[in-house]
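Student: I would like a close look at the loops of this model and at the helices that follow on from them. Please take me through the backbone there, step by step.

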Amino acid sequence: MRASRLLSVLLLLQTRGRMTAQQLADELGVSVRTVYRDVEALHASGVPLYGEAGHEGGYRLVDGYRTRLTGLTEKEAQALFLAGLPGPAAELGLGALAAAAELKIEAALPPDLREGSRCVREHFHLDSPGWYHDGDQVPHLPALADAVWNKLVVAVRYRRWREPYEVERTLEPYGLVLKAGRWYLVARAGADLRTYRVNQILAMEVTERTFDRPDGFDLAAHWREHLKDFRARLIQGHAVVRLSPAGVERAGELMSSAVVEAVAQGVEGEDGWVTATVPIESLTHAHSEFMKLGAEAEVLEPAALRDRLIATARALAALYLP
């Protein structure tokens, strides 16, 4: 652990130039006293490192000195692919490794390219969850990620949306997918390849049994097909709706891309309202979706959906009107 930290001190000074003991301590998550000891150890090992006192002081390497100890470990190389996603990397238990990998790469770059990489990091930031969702709580994710890396079978107790609501499954975890702040597990259960929400795993045990992941399995391609099938299964019918200009605009912000595309192909009347036939999942889901648009949308068909909205409108009127 200390050897890794000493290397980190060396790489930080190599990539960033002069740094104070406090800056090094903050970067490494240790005390200033620990930094002093680490600097003494580097001096003793022959590293040309010196300190300058005063307001503009700090530690720095002799000009021209560069270490070649920048080789990535296996774990750091795995974490490298998540270096631009510090949140997900931390959730997977790879936060420190991703930071170490990024530092080693930065140290290996020539000064002009290193400055460019810093500029990107300072001017662009990825925040993957949606506005109204901060991401899942996934306490089992690090252990699950370890099982994915090492091809270990896991036994889980899982909560699903239909009865029986809690089930036990033995899974071969093929891969993890992060979508809109939510983690999903692609795993084989018996003869079937299925998708599980990681935050619905109530309990998990990583066994010592290994499994063989099929050669050539493409997680990204599998996920694309899964989404395609999922969206196709969602559409259970259609509704004919009228939308005001404001309703069309709000639909673009609140409704699915399939609905937005259907509205774009609608017919605009003389009053500016657009009539369109849009896909719906179910009466219950469609009811809640069109309620978001309030009086800026009128459902014409199907009658069952229109009747539900009428009943809701009457209940709201009874609640709010004297």
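Tutor: Let's begin with Pro 164, which sits in the loop between strand 3 (152-159) and strand 4 (166-179); helices (H or I, at least four residues) and strands (E, at least two) are DSSP runs numbered from the N terminus. The model is predicted, so to speak of a local feature we need pLDDT of at least 70, and side-chain atom pairs count only at pLDDT 80 or more, while totals for chains, interfaces and linings use all residues. Residues are numbered from 1 along each chain as its sequence is written, and side-chain values use heavy atoms, without hydrogens or water.

The peptide bond that leads from Glu 163 into Pro 164 is cis, with omega near -10 degrees. At the other end of strand 3, the loop that comes from helix 8 (141-150) holds Lys 151. Lys 151 is not a glycine, yet its phi is positive, near 55 degrees.

Another cis peptide bond links Glu 301 to Pro 302, with omega at about 0 degrees. Pro 302 belongs to the loop between strand 11 (297-301) and helix 13, and that brings us to the helix itself. Helix 13 (residues 303-320) is crossed by helix 12 (residues 283-291) at roughly 50 degrees, and their axes come within 10 Å; axes are lines fitted to C-alpha atoms over the stretch in contact, with angles from 0 to 180 degrees between N-to-C directions. That angle makes helix 12 oblique to helix 13 (under 35 degrees is roughly parallel, over 145 roughly antiparallel, 65 to 115 roughly perpendicular, the rest oblique).

From helix 12, Leu 283, Thr 284, Ala 286, His 287, Phe 290 and Met 291 meet Ala 304, Leu 305, Arg 308, Leu 309, Thr 312 and Leu 316 of helix 13 (heavy atoms within 4.5 Å). By class, the residues of this contact are eight nonpolar, three polar and one charged (Ala, Val, Leu, Ile, Met, Phe, Trp, Tyr, Cys and Pro are nonpolar, Asp, Glu, Lys and Arg charged, the others, Gly among them, polar).

Ala 21, Gln 22, Leu 24 and Ala 25 of helix 2 make the contact with Val 32, Val 35 and Tyr 36 of helix 3. The residues of that contact divide into six nonpolar, one polar and no charged.
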